[in-house]
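Biologist: I've got a model open and I'd like to learn how to read it. Can we go through it together?

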Amino acid sequence: MAYSEKVVDHYNNPRNVGSFAKDTPGIGTGLVGAPECGDVMKLQIKVNLETGLIEDAKFKTFGCGSAIASSSLATEWLKGKTVDEAAKIKNTDIVNELKLPPVKIHCSVLAEDAIKAALTDYREKWASARAAADSK
Amino acid sequence: MALKFPIFLDAQSTTPVDPRVVDAMLPYFTEKFGHPASRNHPFGWEAEAAVDEARAQLARLIGARDAKELVFTSGGTESINLAIKGVAEMYREKGNHIVTTVIEQRAGLDVCKRLERQGFEVAYIPVQPDGLVDVETVRKAVTDKTILISVMFANNEIGTIQDIAAIGKLAKEKGIIFHTDATQALGKIPVDVEAMGIDLLSCTSHLIYGPKGVGALYVRRKAPRVRIAPLIDGGGHERGMRSGTLPVPLIVGFGRAAEICGEVMAEERRRLAGLRDHLQDVILSNVDEAFLNGHPERRLPHNLNISFAYVEGESVLMGLNKETALSSGSACTSSTLEPSYVIAALGASAELAHSSIRFSLHRFNTAEEIDYVGQRTLEVVKRLREMSPLYELAKEGVDIKSIQWKAE
């Protein structure tokens, strides 16, 4: 199977690889997939609790090149968005951007799941802190 | 000498044709184009003589008593189909039970699945963690309805070499026909149908530096005389077992390839095993949690299969594929989206099946190439582990199996 140029670029130069300490204020962590399925993604967002914007995002992925590219792209797209805007990122956007073939669509689905899981984790941990900051 | 890219280390999928084989084939495309079944003119005689010579060359490589015991086919898949279906149809009255293993190549497994739909019963025997079939397990699987035991000679993924002589002996004791798929073993290690008690043997040309599109099935004629029903009816070529005009240039190439393998095997085995062992040492001594798949000794000399925990196989291939051709047991590299059933059969976790990489060497690989691939593999695995959440968890001391993963 030949890879699209964008997949190759993200694989060779992955954006935002790394980890944040999970308990730092504003950090939301999503860990999705399963090792026995051959794909695990960890995606983290760092929300500025003053402004509500996603300042930074990081990922680590166990998976094929398309899974790595999907999560790398997701971290790029997350930066600068509000949490509500981030929730609108769809797997089909990732498919179109990376030109993923049908057998690799599950990689984009997993990336969307990872975004959703990170957002949920953020809301559970920090939404009240954020609301407090907003009402000031 | 400067390295030439890409480096081919996928020689258990196919091999380049040896230039000496090409030289032998060329006249049979143009001036010597006769049909070997044309009995009445020199074109036919010349073609028939060439086919006979190739048959004799192949017979010598497998220790067959009589070259007539070899039937040319289109390749390994057809030979396996012809052997198993041919026996099933011919001996149906005698029994409907077949014994085979879970690690046969797809052709063997799929033929058995089809026969099951037609009323046959098949015992798929497991293998031990090193990939070896326990002969006693074969013995226990045999019933009074068993008409065929089919066990591959050496595995295409992990290279494990079975105790074929012991299984052949068991088959003889029980009076059951014994087929072996020797596509990966032929020309690489000694194969002797007489000494090993093999009744049917499938092989192919393109894995022994011959052309694609031709293979053979050895069918024992004496002690016992094995009969098989043909898959293809027609002009009655190949003693009625495989009709169709023989592809003379391909057969000539196959014969020459077999002859060369016989001549160079002892030296080539040593050389390739030396390169392979070096590659294995470089990888296993520099990468933590890298595991050798298959039997460490009873293994094809040109095979190396390693699982790199915490990194997915296709992503490793992607990091190397501009410069090195390899293969992986990862689901992402298979058409079925399932990870390698061979690695899974060893009892390894599915994660390790996804993480397996096969390095398979060939006649034209150099020590420089192997050094290069070894170093690049280390680099790629290191880089991928740095971006692996599983490696991070493992380093933090988290047991990955303790996490409740949500499988899709």
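This is a predicted model: local features need pLDDT of at least 70, side-chain atom pairs count only at pLDDT 80 or more; totals for chains, interfaces and linings use all residues.

Biologist: Which residues touch the most other members of the largest nonpolar core?

Modeller: The general idea is that nonpolar side chains tend to be buried together in soluble globular proteins. Here the largest nonpolar core has 157 residues, and Y218(B) and I251(B) touch the most other members. Helix α7 (residues 248-286) of chain B gives the largest share, 13 residues.

Biologist: Where does this core lie relative to domain 1 and domain 2 of chain B?

Modeller: Between them, because domain 1 (7-12 + 265-390) and domain 2 (19-260) both give residues to it.

Biologist: Now chain A. At what angle do the axes of helix α2 and helix α4 cross?

Modeller: In chain A, the axes of α2 (residues 65-78) and α4 (residues 91-98) come within 10 Å and cross at roughly 110 degrees. Angles of 65 to 115 degrees count as roughly perpendicular, so that is what α2(A) is to α4(A). A69(A), S70(A), L73(A) and A74(A) of α2(A) make the contact with I94(A), E97(A) and L98(A) of α4(A). By class, that's five nonpolar, one polar and one charged residues.

Biologist: And how many residues does each chain give to the contact between chain A and chain B?

Modeller: Chain B gives 25 residues and chain A gives 22. On the chain B side, α8 (313-320), α10 (350-354) and α12 (389-395) are the elements that give two or more residues. That side divides into 14 nonpolar, five polar and six charged residues.

Definitions and conventions. Residues are numbered from 1 along each chain as its sequence is written. Chains are lettered from A and ligands numbered from 1 in the order in which they are written. Axes are lines fitted to C-alpha atoms, for helices over the stretch in contact, and angles run from 0 to 180 degrees between N-to-C directions. Helices (H or I, at least four residues) and strands (E, at least two) are DSSP runs, numbered from the N terminus. Angles under 35 degrees count as roughly parallel, over 145 as roughly antiparallel, 65 to 115 as roughly perpendicular and the rest as oblique. Two residues are in contact if their C-beta atoms, placed from the backbone, lie within 7 Å. Ala, Val, Leu, Ile, Met, Phe, Trp, Tyr, Cys and Pro count as nonpolar, Asp, Glu, Lys and Arg as charged, and the others, Gly among them, as polar. A nonpolar core is a set of buried Ala, Val, Leu, Ile, Met, Phe, Trp, Tyr and Cys residues joined through C-beta atoms within 7 Å. A residue is buried if 20 or more other C-beta atoms lie within 10 Å of its own, exposed if 12 or fewer, and partly exposed in between; C-beta atoms are placed from the backbone. Domain bounds come from an automatic or database domain assignment.
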